[in-house]
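Please read them beside the sequence and the coordinates.

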Amino acid sequence: MEWSDVRIFLAVIRKGSFGEAARSLGVSHPTVGRRIKALEDEAQQPLFRRTREGLVLTDAGDTVLNLAESMENSALALERRLAGNHQRLEGILRISCAEWFAGYVLSPVLVELTRRHPAVVPEVIASYRLLNLSRRDADVAFRLVPFTEPDIVQRRLMTISYGLYGTPETAQTLHNDPASVGLILMNTAQSHFPDVSWLLDRFPRSRRVFTSTSRAVQAQMCLQGMGVAVLPRPLGDAVSGLQRIQTEEQLPSREIWVGYHQDLRHMDRLRAMLDIADTLLADPATRAP
């Protein structure tokens, strides 16, 4: 089997069709068909069955899948090792983090990185989705929860404080009649966030008026007078027209974790970015030795 054929086979499984696999890989639909046929000729039996629900693996396909995933793991490990041993400070550095963290916390780090090393190009993947670092979906990730994947080097970087925000008019209304003020929340898929529970417990008679996974969008809805939201203070304090509303209870803070695959521990551009992040962001107790 050739790795190029196996890569297409895995894309078909993960995307569910030849067409989606072709789009994800940037090749033509006929190319995917030819490569799958080549694999089936090698196996001397079909690898997929077409059903009303879509493509389903045959028994032979299941066997090939195990071999294909082993080949993929080896190819990815080789790619990570080569990237990790790259000695020149140049190239793309793929960074995964939330949109608000990139814009209001990490941006000075990225500016300083490119000032010191102009040939390094930071590429920020701004999303709440937890990307797979073993598959090189990103080189490094900043997130609110510790990493559970194997072979990830991680540590706590800093603590982010949160606050309750609204316009001055909304704050006055909240003081006079809390039940009349709408709540702007993370969407239901993110309901495990401590700030969601805090807001619902603190204002049980207020109704939800807006949800979003984007903190920046929540801030804009606050600015439009839609209601109040709990926001990271680096974001909320930076939005002109919003004010932090004092509360009797202290809002829950969140820890920021940074992690990368151990095979990339010698990547110079990654080390350079982490050193700058330590200097500009890290809590003194969490700074790398």
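**Notes on packing and pocket**

1. Leu 164 touches Leu 174, Trp 198, Leu 199, Phe 203, Val 228, Ala 229, Val 230, Gln 243, Arg 244, Ile 245, Thr 247 and Leu 251, where residues up to four places away in sequence are not counted and a contact means heavy atoms within 4.5 Å. The model is a predicted one, in which local features need pLDDT of at least 70 and side-chain atom pairs count only at pLDDT 80 or more, while totals for chains, interfaces and linings use all residues. Residues are numbered from 1 along each chain as its sequence is written, and side-chain values use heavy atoms, with hydrogens and water left out.

2. Leu 164 also belongs to the largest nonpolar core, which has 58 residues, and is listed with Phe 101, Leu 106, Val 140, Phe 142, Leu 270 and Met 273 among those with the most contacts inside that core. A nonpolar core here is a set of buried Ala, Val, Leu, Ile, Met, Phe, Trp, Tyr and Cys residues joined through side-chain atoms within 4.5 Å, and buried means under 20% relative accessible area (1.4 Å probe, protein chains only). Helix α5 (residues 99–116) gives the largest share of this core, eight residues, helices being DSSP runs of H or I with at least four residues and strands runs of E with at least two, numbered from the N terminus. A second, separate core of 18 residues includes Val 6, Ala 11, Ala 21 and Leu 39.

3. Which rings pair, and how are the planes set? Rings of Phe, Tyr and Trp (its six-membered ring) pair if their centres lie within 6.5 Å, and planes under 30 degrees apart count as stacked, over 60 as edge-to-face and the rest as tilted; by this rule there are four aromatic pairs. The ring centres of Phe 9 and Phe 48 are 5.5 Å apart with planes at 50°, so this pair is tilted. Phe 9 lies in helix α1 and Phe 48 in strand β1 (residues 48–51), 39 residues apart, so that distant parts of the chain are linked. Phe 9 and Phe 48 are both buried.

4. Trp 198 and Phe 203 have ring centres 6.5 Å apart and planes at 80°, so they form an edge-to-face pair, and both residues are buried. One aromatic cluster is formed by Trp 100, Phe 101 and Phe 142.

5. The lining of the largest pocket divides into six nonpolar, one polar and eight charged residues, and α1 supplies its largest share, six residues.

Key. Ala, Val, Leu, Ile, Met, Phe, Trp, Tyr, Cys and Pro count as nonpolar, Asp, Glu, Lys and Arg as charged, and the others, Gly among them, as polar. Buried means under 20% relative accessible area, exposed over 50%, partly exposed in between (1.4 Å probe, protein chains only).
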